[in-house]
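Please read this briefing alongside the sequence and the 3D view.

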Amino acid sequence: MGKTKTIQKTLNSKGASIFKKMLEDKKAIHQHLKKGGKLDDLKNKYRFVKPLSTSGS
Amino acid sequence: MLNPYPLQEADNFSYQFITDTGITYHVYFLDYSYMFAGYPALGRKIYSFNIDVSEGDTDISGSDERTGLTIVEVFRIFFSQVENVTVYVCDSSDERHIARKRKFDFWFWKYSDGSIIKEDGVAIVEDMEILNSLLIHRNNPDCAEIIFAFKDLNARAGDK
């Protein structure tokens, strides 16, 4: 296992906006799934990355 | 010996697996490379890692080691491209982010084979605590540079 370190800072910078955007997207997608929606419905709204194939292809 | 749950590719955007207790998990990655334009070392293949439950109640299902094993399997696949980098943020809207982080850390500690390095951060944004972690393959050719950039990202308090 790799080593783990902790950085704790108060952010009101670009870093803050990045983490905030990630969190907002996560929440919005969570709500969509909870309502029975599919990720496919959101493909034009978020930049989903196609997972690598589990078959290794 | 426990095995990961079978991963299904239900769509082009996520992995899905269903536990023995009937919980349906979605695991997906979002591309945020475009947001790291000011951080060239980070800006090539930065994805957020997300795990979500669409069916079932994790509160009543108890702990399930196979779930952790399955998440690690997703990372094994994801990091088969060693240039990939992922950031995990814990949802803090329901005040359960510390528990989520603890579970994620436990999975990482227990099941990681040592090929992945995890760097933790805590961002305070508008009085909200956002726990975050960077995960990077040890053999990423830019490993040290990317970790440095991640630290710098957290350290730039006050930048507008």
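Of the 160 residues in chain B, 35% count as buried; a residue is buried if 20 or more other C-beta atoms, placed from the backbone, lie within 10 Å of its own, exposed if 12 or fewer, and partly exposed in between. This is a predicted model, in which local features need pLDDT of at least 70, side-chain atom pairs count only at pLDDT 80 or more, and totals for chains, interfaces and linings use all residues. Residues are numbered from 1 along each chain as its sequence is written, while chains are lettered from A and ligands numbered from 1 in the order in which they are written.

**Overall form of chain B**

- Chain B has 4 helices and 6 strands, where helices (H or I, at least four residues) and strands (E, at least two) are DSSP runs numbered from the N terminus.
- Along the sequence, the pattern of chain B is β-β-β-α-α-β-α-β-β-α.
- The radius of gyration of chain B is 16 Å, close to the 15 Å that the globule rule gives for 160 residues, so chain B is as compact as a globular protein of that length; the radius is taken over C-alpha atoms, and the rule is 2.2 Å times the number of residues to the power 0.38.
- Taken along the principal axes, the C-alpha atoms of chain B fill a box of roughly 45 × 35 × 30 Å.

**Strand pairing in chain B**

- Two strands pair if DSSP finds at least two bridges between them.
- Strand β2 (residues 24–31) of chain B runs antiparallel to strand β3 (residues 46–55) of chain B, joined by 8 bridges, and B:Tyr28 stands opposite B:Asn50 in β3(B).
- β3(B) also pairs with strand β4 (residues 85–89) of chain B, in the parallel sense over 3 bridges.
- B:Val87 in β4(B) stands opposite B:Ser48, and has B:Leu134 as its bridge partner in β6(B).
- Strand β5 (residues 116–125) of chain B is joined to β6(B) by 10 antiparallel bridges.
- The two form a hairpin with 2 residues between β5(B) and β6(B), and B:Glu126 in the turn has a positive phi of about 50 degrees.
- In strand β6 (residues 128–137) of chain B, 8 of the 10 residues are buried.

**Residues of chain A against chain B**

- A:Phe48 lies in the segment after α1 (14–34) of chain A.
- A:Phe48 counts as buried because it has 22 C-beta neighbours inside 10 Å.
- Leaving aside neighbours within four places in sequence, the contacts (C-beta atoms within 7 Å) of A:Phe48 include B:Phe13, B:Tyr28 and B:Leu30.
- A:Phe19 touches B:Val89, B:Ala123, B:Val125, B:Ile130 and B:Asn132, not counting residues up to four places away in sequence.

Terms used: Contact = placed C-beta atoms within 7 Å.
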